Amino acid sequence: MRDIPWRKSSFSGNGVDNACLELAATDGAIRLRESEDPATVIRTAPRPLAAFIRAAKAGAFDNLR
């Protein structure tokens with residue numbers, strides 16, 4: 001697999017123990033991974049990701065069990 005230009009969340013700190021979300025936009029898709037498990041990558045399209053973010057900001061996932 002070619003090198004993917006991952007971008008670290010600006011909310012993350014710079015310390016060793018600061019796990020963060022990393023994003024990459026490639027080939028018309030958005031890829032997401034967590035810095036603690038970089039081998040696991042979620043691939044989505046911009047519209048579904050935007051809908052997910054809007055729902056999260058609105059509190060749709062606040063009380064999941």
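## Report on a predicted 65-residue protein

Of the 65 residues in the protein, 18% are buried, where buried stands for under 20% relative accessible area, exposed for over 50% and partly exposed for values in between, with a 1.4 Å probe and protein chains only. The model is predicted: local features need pLDDT of at least 70, side-chain atom pairs count only at pLDDT 80 or more, and totals for chains, interfaces and linings use all residues. Residues are numbered from 1 along each chain as its sequence is written, and side-chain values use heavy atoms, with hydrogens and water left out.

The protein contains 1 helix and 4 strands, arranged along the sequence in the pattern β-β-β-β-α. Here helices (H or I, at least four residues) and strands (E, at least two) are DSSP runs, numbered from the N terminus.

The largest pocket has a volume of about 170 Å³. On a 1 Å grid over the protein atoms alone, a pocket is an open set of points with protein on both sides within 12 Å along at least five of seven lines, and lining residues have an atom within 4 Å of a point. The volume is the space filled by probe spheres set on the points, which are joined across faces, edges and corners. L21, L23, L32, I42, L49, F52, I53 and A56 line this largest pocket. Helix α1 provides the largest share of that lining, 4 residues, and both β2 (21-26) and α1 supply at least two residues each. By class, the lining has 8 nonpolar, no polar and no charged residues; Ala, Val, Leu, Ile, Met, Phe, Trp, Tyr, Cys and Pro count as nonpolar, Asp, Glu, Lys and Arg as charged, and the others, Gly among them, as polar.

F52 and I53 also belong to a nonpolar surface patch of about 400 Å², together with F61 and L64. Such a patch is made of residues with over 30% relative accessible area and no salt bridge, nonpolar side chains (Val, Leu, Ile, Met, Phe, Trp, Tyr) being joined within 5 Å. Accessible areas come from the Shrake-Rupley method with a 1.4 Å probe, and for residues only the protein chains shown count as cover. L64 is found in the segment after α1 (46-57).

The structure holds 1 salt bridge, defined as a side-chain nitrogen of Lys or Arg within 4 Å of a carboxyl oxygen of Asp or Glu. R33 and E22 form this bridge, with their closest N and O atoms 2.5 Å apart. The pair links distant parts of the chain, R33 in strand β3 and E22 in strand β2, 11 residues apart. Both R33 and E22 are buried. In general, side chains of opposite charge can pair when their charged atoms come close.

D27 lies in the loop between β2 and β3 (29-34) and has a positive phi of about 50° although it is not a glycine. Most residues other than glycine have a negative phi.

Relative accessible areas of selected residues are as follows.

| Residue | Relative accessible area | State |
|---|---|---|
| L64 | 61% | exposed |
| A25 | 60% | exposed |
| D27 | 59% | exposed |
| L49 | 16% | buried |

Two of these residues also take part in contacts across the sequence. L49, which lies in helix α1, has its C-alpha atom 8.1 Å from that of I30, 19 residues away along the chain. A25, in strand β2, is 19 residues from W6 in sequence and 8.2 Å from W6 in space, C-alpha to C-alpha.

How values were computed. Patch = residues over 30% accessible without salt bridge, like charges linked within 9 Å, V, L, I, M, F, W, Y side chains within 5 Å. 1 Å grid on protein atoms, 1.4 Å probe; cavity = no way out; pocket = protein on both sides within 12 Å on 5 of 7 lines; lining within 4 Å.
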